[in-house]
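Colleague: Please show me the model and let me question the terms used for it. I want each label set against its definition.

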Amino acid sequence: MKVRSIIIALVIVLAPFIIGISLFLVKGSEAIHAKAHFMTDTRENNKGITHKGIKADWAFCPDYEYKPLFFHAEKYLVFMFHYRNDNEYSVQLMPSYTFASPGNRRYSANEEIAMYIEDELEEKLKANDETPITFKVAPNATKHYIVTFEKPKDLKQFYIDVDVFRDVTLRIRYKKENSTWENYKNELIKKYKGRG
Amino acid sequence: MFRRIIKNFGPEWGAAVMGTAAICITMQLSSEVARPFSPLLYVGLGFYLLTTVMLVAFLIPWTLRFFMYPEEIKKDLQHPIRGNFFPTMPICFILAGTGTNKLGPMLFGPWFAYHLSIVFFFLGVIGIFTFGFLLVRTQFLSEGVKHEHANFSWFIPPVSHLIIPVLGACSMDVYWAETSLAPVLFVISMIALGVGILNFLFVGAAVWHRYIYHGMPEGGLAPTAMVGIAPTAIIVIFLIKFIQAIEASHGSLFGINFMSVFPLVKIVASALWGFSFWWLILVIILFHNYLKMKSHPLVFGWWAYTFPFEAFVVATGLLAKCVATHFLHGMLITLNTLVIIIWITVVFGTFKWLERGAFLKPQH
């Protein structure tokens with residue numbers, strides 16, 4: 001092969017790796033970063049909910065900032081759910097999450113943003129996020145799941161539906177009071193089991 | 001020189017973009033396996049940017065050729081092998097859309113990325129259905145197509161239709177789940193899925209017939225055997241993305257309930273993945289046979305080794321989200337390494353092929 005061809009081929013082959021490693025090294029800089037400003041965890045004041053031997057807790061960051069490379073930073077609502085199995089047998093979990101707020105907003109978690117901020121959050125909370133759709137929790141073990149929602153502007157109140165139990169939905173409610181977010185109510189709501 | 005490049009810029013160049021585009025997804029999935037692999041997410045972003053540059057660079061001569069050399073286009077369309085490569089460029093739109101959907105938010109934020117991927121979706125759909133009809137029409141009306149022309153590149157049109165629902169489901173999984181666009185995405189995706197699956201079965205039978213009764217094609221077509229791995233692998237990708245789309249719609253999408261279809265999806269996806277894995281071994285056996293016959297020349301068609309194999313790797317990574325997670329994660333990392341080795345080999349091979357001047361002497 002001619003030297004010119006080898007050089008061009010090398011540039012093409014190495015470009016994605018050089019770009020990728022450079023971006024990985026500069027993440028956290030002003031160009032591309034993720035920042036958690038404030039975080040609460042229900043495990044600290046034993047505020048989580050237990051149902052059928054599964055204890056659900058959650059860490060919450062209302063202003064998780066993520067800055068894409070070419071766009072301005074945006075804030076996200078980020079949760080890390082902790083599921084502890086207090087049963088004497090293993091359980092298989094398959095949770096899904098929905099955000100709802102006044103103004104008829106209702107949407108699902110954003111998996112992509114969760115994937116990008118995963119490392120920082122795992123580091124901060126010293127826990128590993130589960131990636132499969134469904135995962136097994138052994139007796140007395142705890143598994144963690146990161147959930148990210150796009151944050152609407154001027155948000156004052158919202159709830160998150162956590163579908164992790166077969167018969168009930170865990171609804172966690174937050175409202176903003178004096179610029180801090182308060183988890184004012186958590187409830188288990190019976191699921192609709194009609195036809196269709 | 002510029003006019004000669006345009007004149008000879010065959011429909012097969014889309015395969016190079018396809019073979020590069022899918023790596024951004026294999027990298028993204030590999031990055032999720034464990035913390036030490038996290039940098040692969042950014043390497044995937046690097047591949048996404050390279051794909052964008054290649055797509056723009058190839059799209060210009062590919063499009064100009066339609067206007068400057070329509071007689072060459074007509075000749076290629078009627079060619080029993082080259083003609084099947086026309087849908088590769090629209091497939092690139094779908095792959096670019098999928099890459100934008102997964103990695104675009106890192107560059108532009110979610111809102112812009114999800115809208116851009118929808119633009120790619122519709123561009124891809126228009127191109128794939130247009131070339132799909134053109135190619136079937138040409139094959140049906142042509143009197144020159146013989147049994148011995150059949151080869152696995154004939155799978156490209158069915159594969160092009162099968163890939164539409166992948167981006168359709170990816171889009172429903174995120175931003176578009178609860179919007180009025182969701183039914184449109186769903187209907188287009190289901191039509192394409194039906195066309196893709198049935199065409200895969202019909203064409204597969206024709207090619208199988210050729211391999212049995214007319215012997216194997218000459219070595220230049222050897223890489224096309226890898227295309228056979230793609231249809232079932234892509235169906236696996238669709239099934240897992242679709243189940244995630246249902247999950248994103250609060251467990252029920254168009255009345256399809258997550259809990260009732262998830263076990264079935266796991267069984268069907270595992271079985272189809274198994275077929276692709278079987279086909280991979282078959283390709284290795286055929287490859288060995290061609291090498292033994294010293295009939296595996298350096299051709300542009302080596303790109304056929306990239307995208308179909310990458311689709312299988314993506315299927316492996318997504319299936320790991322549902323079954324045998326640890327085993328499939330191990331396999332994903334191994335296969336992803338192999339993807340890179342194959343891709344690098346093919347890039348260097350392409351430059352060697354270009355040096356021989358084969359680009360300026362297309363064979364009709």
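Colleague: Why is K294(B) called exposed?
Modeller: K294(B) has 8 C-beta neighbours inside 10 Å, so K294(B) is exposed. This is a predicted model: local features need pLDDT of at least 70, side-chain atom pairs count only at pLDDT 80 or more, and totals for chains, interfaces and linings use all residues. Residues are numbered from 1 along each chain as its sequence is written, and chains are lettered from A and ligands numbered from 1 in the order in which they are written.

Colleague: Where does K294(B) lie?
Modeller: K294(B) sits in the loop between helix 10 (258-292) and helix 11 of chain B. Helices (H or I, at least four residues) and strands (E, at least two) are DSSP runs, numbered from the N terminus. The phi of K294(B) is near 50°, a positive value in a residue other than glycine.

Colleague: What makes A324(B) exposed?
Modeller: A324(B) has 12 other C-beta atoms within 10 Å, so A324(B) counts as exposed. Its loop runs between helix 11 and helix 12 (325-355) of chain B. The phi of A324(B) is near 40°, again positive in a residue other than glycine.

Colleague: How confident is the predictor in chain B?
Modeller: pLDDT is the predictor's confidence in each residue, from 0 to 100. Chain B averages 93, and 99% of the residues score at least 70. For the model, ipTM is 0.90 and pTM is 0.92.

Colleague: What makes the largest nonpolar core a core?
Modeller: A nonpolar core is a set of buried Ala, Val, Leu, Ile, Met, Phe, Trp, Tyr and Cys residues joined through C-beta atoms within 7 Å. The largest such set has 161 residues. I234(B) and A311(B) are among those with the most contacts inside it. Helix 9 (residues 230-248) of chain B gives the most to this core, with 14 residues.

Colleague: Which residues is I234(B) in contact with?
Modeller: Two residues are in contact if their C-beta atoms, placed from the backbone, lie within 7 Å. Leaving aside neighbours within four places in sequence, I234(B) contacts V159(B), L162(B), I163(B), V166(B) and A311(B).

Colleague: How many secondary structure elements does chain A have?
Modeller: Chain A has two helices and 13 strands.

Colleague: Why is chain A called more spread out than a compact globule?
Modeller: The radius of gyration is taken over C-alpha atoms, and the globule rule is 2.2 Å times the number of residues to the power 0.38. For 196 residues the rule gives 16 Å; chain A comes to 21 Å, well over that, so chain A is more spread out than a compact globule. Its C-alpha atoms fill a box of roughly 70 × 45 × 40 Å along the principal axes. Buried residues make up 32% of chain A.

Colleague: What makes strand 11 and strand 12 of chain A a pair?
Modeller: Two strands pair if DSSP finds at least two bridges between them. Strand 11 and strand 12 (residues 168-177) of chain A have six, in the antiparallel sense. I160(A) has I172(A) as its bridge partner, and D161(A) has R171(A). A hairpin of four residues joins the two strands.

Colleague: Which part of chain A gives the most to the side that touches chain B?
Modeller: In all, 38 residues of chain A are in contact with 37 residues of chain B. Helix 1 of chain A gives the most to that side of chain A, with 13 residues. By class, the side has 22 nonpolar, nine polar and seven charged residues. Here Ala, Val, Leu, Ile, Met, Phe, Trp, Tyr, Cys and Pro count as nonpolar, Asp, Glu, Lys and Arg as charged, and the others, Gly among them, as polar.

How values were computed. A residue is buried if 20 or more other C-beta atoms lie within 10 Å of its own, exposed if 12 or fewer, and partly exposed in between; C-beta atoms are placed from the backbone.
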